[in-house]
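I opened this notebook to record what I looked up in one structure. The entries follow in the order of my reading.

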Amino acid sequence: MKLSKGIIFALVGAVILVVGLSLFFYNMSIDNKEISLREKFKAQQKVCMTAHDEMWKIITQKAEVSNEYKKAFEEIMQKAMVLL
């Protein structure tokens with residue numbers, strides 16, 4: 001059974017179309033995941049900044065630490081967050 005050139009071209013074209021569409025939708029999925037991860041990162045950054053600010057306020061009130069030590073506190077907090 002011999003296939004005509006038209007049928008062969010149609011099959012090859014269909015395969016190329018399916019592969020192309022698959023790659024297109026895969027790329028869209030990757031882009032959506034990247035955007036989602038960026039938004040989660042920004043949200044977590046805000047949570048960390050809020051926790052930092054609240055902790056600094058408590059430390060300044062309870063321990064009566066002045067603002068001149070704020071930079072040292074930030075450095076210690078960054079090292080502590082890495083350990084978590």
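How many salt bridges does the structure hold? I found one salt bridge, a term for a side-chain nitrogen of Lys or Arg within 4 Å of a carboxyl oxygen of Asp or Glu. I noted that this is a predicted model, in which local features need pLDDT of at least 70 and side-chain atom pairs count only at pLDDT 80 or more, while totals for chains, interfaces and linings use all residues. Residues are numbered from 1 along each chain as its sequence is written, and side-chain values use heavy atoms, with hydrogens and water left out.

**Entry: the salt bridge.** I looked up the partners and found Glu-34 with Arg-38, their closest N and O atoms being 2.9 Å apart. The two are separated by about one helical turn, because they stand four residues apart in helix 1 (helices are DSSP runs of H or I, at least four residues, numbered from the N terminus). Glu-34 is partly exposed at 38% relative accessible area, whereas Arg-38 counts as exposed at 51% (buried is under 20%, exposed over 50%, partly exposed in between, with a 1.4 Å probe and protein chains only).

**Entry: the segment before helix 1.** I located Leu-3 in the segment before helix 1, which spans 5–62. Leu-3 is partly exposed, with a relative accessible area of 41%.
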